[in-house]
Every structure is written in C-alpha cells, then in structure tokens.
Amino acid sequence: MKEYKDTGKKDTRSGFGAGLTELGKTNDNVVALCADLTGSLKMDEFKANHPERFYQVGIAEANMIGMAAGMTIGGKIPFTGTFANFSTGRVYDQIRQSVAYSGKNVKICASHAGITLGEDGATHQILEDIGLMKMLPGMTVINTCDYNQTKAATLAIAKHDGPVYLRFGRPKVANFTPENGDFEIGKAVKLQEGTDVTIVATGHLVWEALEAAKTLNDQGLSAAVINIHTIKPLDANAIINSVKTTGCVVTAEEHNYMGGLGESVARILSENHPTPQEFVATKDTFGESGTPNQLMEKYGLNAEAIVNAAKKVVARK
Amino acid sequence: MANIQELEAFVTQVRRDIVRQVHKVNSGHPGGSLGCAEFLVALYQEVMERKEGFDMNGIEEDLFFLSNGHISPVFYSVLARSGYFPVEELNTFRLLNSRLQGHPTTHEGLPGIRMASGSLGQGISVAIGAAEAKKLNGDRHLVYALCGDGELQEGQNWEAIMYAAGNQVDNLIVSIDLNGQQIDGATDNVLPMGNIKAKFEAFGWDVISIAKGNDVASIIDGLNKAKSHSGNGKPICVLLHTIMGNGVDFMMHTHAWHGKAPNDEQLESALAQNAETLGDY
C-alpha cells in the first residue's frame with residue numbers, strides 16, 4: 001500500500017483563502033464578493049491587498065449572486081464567499097437563472113459545508129448542497145479533501161470558463177495531498193490500488209477512506225481508494241475501471257445519501273457495470289450541535305463506518 | 001436628436017410586432033409590453049450609446065438589463081428593429097427550437113441579451129454587478145435596467161437598492177414601470193407598496209419621475225436628465241408612469257391582458273389602431 005502522511009491538520013477554508021490571495025496577485029480580473037463572513041472565509045488577505053476588487057455586500061446573499069453574475073459582463077471572474085448553506089439553498093433561484101442558465105463565469109465558494117461545522121447546529125449544516133448544485137445544467141461541482149487540494153482547486157477554477165461550486169469546510173483535517181499539486185477538474189485521483197473493494201470518497205472523507213483501507217488491509221481485504229474531488233463532471237471511467245476489478249463499491253461523503261456523490265456513482269454504475277454499493281453518508285436527516293468528531297461518529301461518517309460498509313458490501317458480492 | 005414623429009412611428013410598428021407575436025402562439029404578455037414600447041424605443045433609438053454588433057462584455061457601450069423578462073415581446077421587437085437579429089425571427093417567438101424563448105435568455109445565443117430574466121427581482125443586482133465591472137474597467141458608460149412595479153415586492157430588489165446607494169453605484173439608471181397592475185389585479189390591492197418614490201429616496205437614490213411614461217419626448221427628456229445626474233455619488237431611479245396595454249384601446253388600464261393573447265378579431269382591431277410603418281415581418 002502507498003503511504004500517505006498527514007503533514008499537519010489544517011482547515012480547507014484556509015486553503016481557499018491562500019488560493020484567493022495568490023489569484024489576487026496573478027489575475028487582475030479576479031474579484032471577490034463576501035456576505036459579511038470575510039474572516040470565516042479567509043478572504044481578509046485578498047481584501048487587504050486589493051480593496052478595489054473586494055465587494056462587501058452585507059448579509060444579502062441573493063444580491064451577491066446577482067452582482068457576481070453581472071460582473072462577468074465586462075470580463076471579471078467573481079468569487080463569492082459565504083457558508084455553504086447560504087451559498088446554495090438560500091440563493092438557489094438566483095444561481096439557477098442569473099448564473100447557471102445565463103452561463104455566467106461565477107465561482108461560488110462555500111465554506112462550513114456539512115455537519116462538521118459543529119456546534120452551530122442544523123440551521124447552518126447543509127447536507128443537501130451537492131445535490132442542489134449538481135442538478136443545475138452546466139454547473140461544475142467540486143468538493144476538496146484537504147488544505148493543499150483546496151488551494152490548488154481555487155487556482156484551477158479561475159482558469160475554467162463557466163460556473164463552479166467549490167465546497168470546503170471549517171474543521172482542521174489531515175493535509176496529505178502534495179503542496180502546489182496539479183488540479184485537473186473532472187479527473188479522479190487514484191490513491192490506492194485494490195482488488196476486493198473500491199472506496200470512492202470526496203471531501204475530508206478521503207482521509208477517512210485511506211485510514212479505512214489500512215484497517216481493511218490488516219484484516220485481509222484489499223481496498224482501492226479513489227479521491228473524487230470533482231463530483232460533476234464525474235470521472236466515470238476511473239470508477240468503472242476499478243469496480244471491474246473489485247466488483248463492489250463504497251461511496252463516502254459528508255452529505256445526504258440522496259443527491260450526493262453516492263447517487264451519481266450509482267447512476268453511472270447502473271448504466272455501465274451494475275455493482276453492489278454501500279453509502280457512507282447521512283441518511284435523509286438534519287444534523288445537530290456537537291464537536292466535528294462526535295458528529296462524524298454519530299452520523300457514521302468516519303473510517304470505522306467505511307470499514308463496516310466495506311465488509312458489508314464485500315459480503316454482498 | 002431623432003425626429004419624435006419618426007420614433008412614434010417606430011413605436012406603432014413595435015406595437016404591431018407585440019400583438020402579432022403573442023397572437024401567433026396564443027401566449028405571451030402583451031399588456032406590460034405595450035406599456036413599455038415607447039420607453040424601449042426611446043432607450044435603444046435615442047438614449048443609449050451602443051456599438052455596432054453585439055458582444056457579451058459590452059465594453060465602451062451602455063448596457064441594458066430587462067428584469068421583468070415577461071415583457072419579452074417588446075424587448076425582442078426593439079432588439080430586432082435596432083439591428084441585433086433579423087426581424088423575420090420574430091416569427092419564431094415561443095416556438096420550439098427558437099432563440100426567442102418565452103422569457104429572454106442568453107442560453108440560445110440571441111444577440112442583444114446579456115442575462116436570463118423571468119424569475120423576478122434579479123435584474124437590479126445583475127445591473128449593479130455590470131456597473132461595478134464598468135467602474136473597474138475605467139469604462140465611463142452607463143448601465144440601464146427596467147423593472148416592473150409589482151416586481152418590487154421581491155425582497156432581493158431591496159438588498160440591491162441598499163447596496164447601490166451604500167456603495168455609490170452612480171453609473172446605474174434603474175427605471176420602474178409604474179403601471180399599477182400585476183397578475184392578480186392592482187398593485188395596491190395585491191400588496192400595497194406605499195410611496196415608491198419615498199422608499200427609493202429613503203434608501204439614498206436620486207429619483208426622477210416621468211409622468212408621461214408613454215410619451216416619447218417626455219421619456220427622452222427624463223432619461224437625459226437621469227444621464228446628467230449620473231456620476232454624482234448616487235444611483236438613479238426613474239419612475240416611469242405608464243399605461244398597461246397602451247396603444248390598443250381594449251387592452252388599456254387593466255391587468256386582464258397581462259398574460260393573455262388576442263384572438264383573430266382582437267388582433268385585427270389592434271392592428272387597425274397601429275399603422276404599419278417599418279414593414280411587418
């Protein structure tokens with residue numbers, strides 16, 4: 001098995017902030033809009049370096065999305081920043097009409113995604129955002145796994161012409177992908193080869209999947225691990241090719257099992273290579289207050305849950 | 001300045017285009033379209049500085065955003081007759097595979113359109129964004145938008161109105177089509193909005209009223225006044241007092257023709273009231 005080293009836990013939102021800071025210096029067309037969460041989104045440095053390209057819109061997310069759409073007319077590349085809940089559900093129709101249907105080059109950057117924002121509770125823990133965004137025609141949906149990958153993705157989406165939803169989070173999680181690594185939108189990253197089960201994971205559950213693969217290996221099961229940072233467009237070939245060897249799949253995501261990565265994987269497999277599948281995801285429920293680790297355990301989103309799902313799906317082959 | 005009589009003749013042709021488009025497919029929104037015919041003709045033929053051809057970024061030209069997208073028949077007619085696409089294409093309004101969708105969209109690549117609209121309340125925000133981009137680009141040209149009055153019931157407008165004043169977006173001229181009507185009846189009966197002028201002024205906008213919103217000369221005067229107020233630190237609101245259904249007697253002063261097409265006989269009557277001046281498509 002390949003070894004992956006956590007170089008020190010970091011929050012993915014800081015990876016976004018670092019990427020945006022770099023973009024500010026390298027691309028004059030990049031502008032940033034924020035709805036009263038500059039510190040939470042780590043946009044402070046961009047704001048300090050380029051006050052003329054930073055737009056504080058106040059607690060008014062609908063106007064922020066519309067303004068971002070308008071700023072593309074004139075050649076700007078707007079990055080909007082707020083929590084995932086307020087980046088998607090609150091402004092769905094604005095994104096649908098003014099951004100997606102209008103084909104505008106807006107980058108919707110969403111922090112505090114999922115249950116692991118923790119103590120704030122369910123009002124702020126959106127577990128439906130991947131589904132909401134992936135259903136919009138033309139929308140690219142990215143959920144990065146660590147600090148380094150979030151920074152790389154932030155740089156990559158500025159070069160992509162079209163609307164993007166970039167999802168990241170608040171807690172400090174393992175940082176294990178290469179520093180200044182390449183980021184190819186829509187290209188899965190194979191982290192472990194395996195023959196018994198394929199684990200397809202997104203976001204910080206990729207690290208949990210790597211941990212699960214080690215445990216499974218100790219127990220005599222060979223697990224392939226695929227990092228799906230781009231949920232749409234999905235790298236179907238990478239998944240199908242692995243599943244042709246392993247014959248079963250576990251999907252892992254910090255999202256409702258309805259509408260998430262798991263359902264996208266199930267669709268491409270049912271069309272191409274029908275396969276037993278287990279879903280590590282929240283099961284049509286809201287979250288609640290707690291620490292990130294407590295919540296990941298209670299809602300079955302950690303390495304242990306992935307190990308159990310893998311054993312279950314192998315038995316179904 | 002163009003001859004007012006020529007512009008009025010342009011308007012009667014646009015009215016013919018509106019009712020003919022809607023009649024052909026037995027759907028669409030003639031009432032609000034007719035009410036804004038003079039405004040859009042004045043804007044495109046006289047007021048806006050426009051470049052030849054069309055490109056999405058619209059650098060070094062004035063821009064217009066239609067927020068109340070359901071008045072697409074008047075928008076399409078004025079765009080076609082201002083040279084953005086062939087006038088004959090008005091024949092395809094609302095048909096399958098047409099670029100002239102029920103509500104305007106960029107999705108089919110129709111020249112002249114820079115945003116999709118139809119779901120209400122989004123146009124001012126988009127116009128503000130375009131205005132801010134013009135400032136960043138050092139482009140001194142103006143951004144225009146049109147909203148319905150009933151549309152102001154959407155909350156997003158007030159987020160946008162607050163932003164524009166608070167951030168001195170003074171290269172923006174938003175016109176409100178004050179016809180006092182919406183689908184379910186008079187705006188005062190559906191959801192009274194009180195004093196719209198006072199509301200805009202309270203939010204910090206420079207408000208200009210055009211009392212005769214269906215009179216071409218009055219519109220040009222009002223919009224030129226608005227232009228002269230630009231660059232003074234305040235966004236500009238033009239309150240355009242219009243008559244829904246203007247120019248077709250049986251469609252006037254009522255919400256009944258908001259989203260209803262005329263039958264054959266009604267079409268004949270409407271066309272008899274508006275001379276063919278530029279040639280029917």
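**View 1. Lining of the largest pocket in the predicted model**. By class, five nonpolar, 12 polar and five charged residues make up the lining of the largest pocket. The space in this pocket comes to about 310 Å³. The lining counts 22 residues, and those closest to the pocket centre are B:His70, B:Leu120, B:Glu151, B:Gln182 and B:His258.

**View 2. The open five-stranded sheet of chain B**. Its strands follow the order E1-E2-E3-E7-E6, and their pairing is parallel. Strand E1 (63-66) and E6 are the edge strands, each pairing on one side only. From one strand to the next, the twist averages 20°.

**View 3. Strand E7 of chain B and its pairing with E3**. Strand E7 (residues 236-241) has five of its six residues buried, so it is largely enclosed by the rest of the structure. Strand E3 (residues 172-178) of chain B pairs with E7(B) in the parallel sense, over six bridges. Within this view, B:Asp177 has B:Leu240 of E7(B) as its bridge partner.

**View 4. Strands E6 and E7 of chain B with the connecting helix H9**. Strand E6 (residues 206-210) runs parallel to E7(B), and five bridges join the two. B:Val207 is opposite B:Cys237 in E7(B), and B:Ser209 is opposite B:Leu239 in E7(B). Between E6(B) and E7(B) the chain passes through helix H9 (residues 216-229) of chain B, forming a right-handed β-α-β crossover.

Technical notes: Residues are numbered from 1 along each chain as its sequence is written. Chains are lettered from A and ligands numbered from 1 in the order in which they are written. This is a predicted model: local features need pLDDT of at least 70, side-chain atom pairs count only at pLDDT 80 or more; totals for chains, interfaces and linings use all residues. Side-chain values use heavy atoms; hydrogens and water are left out. Buried means under 20% relative accessible area, exposed over 50%, partly exposed in between (1.4 Å probe, protein chains only). Helices (H or I, at least four residues) and strands (E, at least two) are DSSP runs, numbered from the N terminus. Two strands pair if DSSP finds at least two bridges between them. A crossover is right-handed if, with the strands pointing away from the viewer, the path from the first strand over the helix to the second runs clockwise. On a 1 Å grid over the protein atoms alone, a cavity is a set of points where a 1.4 Å probe fits but cannot get out, and a pocket is an open set with protein on both sides within 12 Å along at least five of seven lines; lining residues have an atom within 4 Å of a point. Grid points are joined across faces, edges and corners, and a volume is the space filled by probe spheres set on the points. Ala, Val, Leu, Ile, Met, Phe, Trp, Tyr, Cys and Pro count as nonpolar, Asp, Glu, Lys and Arg as charged, and the others, Gly among them, as polar. Axes are lines fitted to C-alpha atoms, for helices over the stretch in contact, and angles run from 0 to 180 degrees between N-to-C directions.
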